[in-house]
Amino acid sequence: MTPDSGSLVSLDGIHKTFFTRHFFYRENDDARRRIYVKKEVHAAQDINIDIAPGKIFGLLGPNGAGKTTTVKMISGLVKPDKGAVWVEGINVEKSRKEILKRIGVVLEGTRTTIWPLTPMENLRYYGNLKNVRGSVLKKRAHELLDFIGLSEKKDVQVRHMSRGQKQKLAICIALIADPKVILLDEPTTGLDVQSSRAIKDKIIEMTREHGKAVLVTTHDMHVAQELCDTIGIIDQGKLVTCKPMNELIEVFSESVFEFRVDEAPLLDPLRAIPGVVQAEVENGNQSNTKLLVLHLTPKEEFRSEALYNVVTHLRDCGIQLHSINQRQQNLESVFLQLTTSSI
Ligand SMILES: Nc1ncnc2c1ncn2[C@@H]1O[C@H](COP(=O)(O)OP(=O)(O)OP(=O)(O)O)[C@@H](O)[C@H]1O
Ligand SMILES: [Mg+2]
C-alpha cells in the first residue's frame, strides 16, 4: 500500500500488542513457587489516521489507551505488528534514522534533554544531529528559547532547571530542525498558563502559516477543542471515532435534549423507551422547574419516534412540559460518552 498522497502522516491498519508477565507467589508443601500469567495488551487495533499539511490532529483517550504507543510508532521507536506508517511519503519501518531526523517529537515523561548541558548546548547538540548548523542554528535556538520564555536560563545547566522548564526545552529541541511533522505527546502538561498559551499559539502559527502537520495528545479537553481540526478518540487500542471537530460535536449535540418540566419523572420508564440511551434529572436554575436531560439514539430515523414517545409518556404521567431544547455539547462530554459507553 502507498500512503494517502496528500498527507504528511499516514497510519495504515496499524496493530500493536504487548505481552506482559504478571508474577504471583504461591506457597506449596515443599517449595515457594513463582508462577506467572502472560497477558496481552492491545495498544493499537487497526488504527488508520491521515494528517494533511496545515492540520492539527488531536489523539485523545483514557490512560493506557495507546496514545504514546501510537506516537512512538510514527517516530519509528516502536515497531507495529501489522500495517504501515508513512511520514512525508517515507515508510517509517524502512527508514527509521531518516524519520528521526525529519520529525520533531516530544514524548511524555521521556528525558530527551541532556542534564549536564545548558539549554543552548542542548539545542546545538540536537541541531547538529539533525544537520542544522551555523548562523541558522544560532538564530533558531535564540528564537525558540525566547518564544517559550527560557532565554534567561539559556546558559544554566539543565539539571538546575524545574520540571516545567525541562519540558519547555524538550519542545524547543523538537522544533530546532523546523520539521514538517510535529508529534507532541501531552505538550502542555505541567506548564504554567502563559507557557501553555505560548505553545498553543506557536502550534497554530506553525500549522496555519507554515503548513506543518501536527499530532497532539492531551488529557486537557480545552486544549484539544481549541487547537484541533480533527479528533481521534482511542480506547483500549481502538479508534472509536475519528472526525473533524465540528462534526463530532454537532453529531452529539443533535442527540441530547433538555426537557424543562414542573416535576421530576421516574427515570426507569423513560430509559425503557426505545431510542432513549440515557436519562438524568438536573435541578433547573428556576427553582420551580426541573431539567430532564435525555440522550437519544444518534440514529436520526429513530430519534423523532423516541422524542414523540417521551412527550406522550410525560403527558400520561401528568407532568407539565415547559420547553424542549437541544443541548450544545462540548468535547469533554463527547469524550466521556465515547469512552465510558460500550460504543
Ligand atoms: N513496552 C511496553 N511493554 C508492555 N506494555 C506496554 C509497553 N508500552 C505500553 N504498554 C501498554 O500499552 C498500553 C498503552 O500504553 P500507552 O503508553 O500507549 O498509553 P497512553 O494512551 O499513552 O496512556 P497515558 O494517558 O497514561 O499516557 C498500556 O496498557 C501500557 O501498559
Ligand atoms: Mg501516554
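Trainee: How many residues of domain 1 are in contact with residues of domain 2?

Mentor: Eleven residues of domain 1 are in contact with eight of domain 2, where contact requires C-beta atoms, placed from the backbone, to lie within 7 Å. This is a predicted model, in which local features need pLDDT of at least 70 and side-chain atom pairs count only at pLDDT 80 or more, while totals for chains, interfaces and linings use all residues. Residues are numbered from 1 along each chain as its sequence is written, and chains are lettered from A and ligands numbered from 1 in the order in which they are written.

Trainee: Switching to ligand 1, which residues come nearest?

Mentor: Phe18, Asn63, Lys67, Thr68 and Thr69 come nearest among the 13 residues around ligand 1, a residue being near if its C-beta atom, placed from the backbone, lies within 6 Å. Strand S1 (9-27), strand S2 (32-51) and helix H1 (67-75) each give two or more residues to this shell, and H1 gives the most, with three.

Trainee: Is H1 buried or exposed?

Mentor: Nine of the nine residues of H1 are buried, so H1 is largely enclosed by the rest of the structure; buried means that 20 or more other C-beta atoms lie within 10 Å of the residue's own, all placed from the backbone. Lys67 and Lys72 are among the buried residues of H1, and just after the helix Gly76 takes a positive phi of about 80°.

Trainee: Last topic: at what angle do H4 and H5 pack?

Mentor: Helix H4 (residues 134-148) and helix H5 (residues 163-175) pack at about 145°, with their axes 10 Å apart, where axes are lines fitted to C-alpha atoms over the stretch in contact, and angles run from 0 to 180 degrees between N-to-C directions. Leu144, Leu145 and Ile148 of H4 make the contact with Lys168, Ile171, Cys172 and Leu175 of H5.

Conventions: Helices (H or I, at least four residues) and strands (E, at least two) are DSSP runs, numbered from the N terminus. Two residues are in contact if their C-beta atoms, placed from the backbone, lie within 7 Å. A residue is buried if 20 or more other C-beta atoms lie within 10 Å of its own, exposed if 12 or fewer, and partly exposed in between; C-beta atoms are placed from the backbone.
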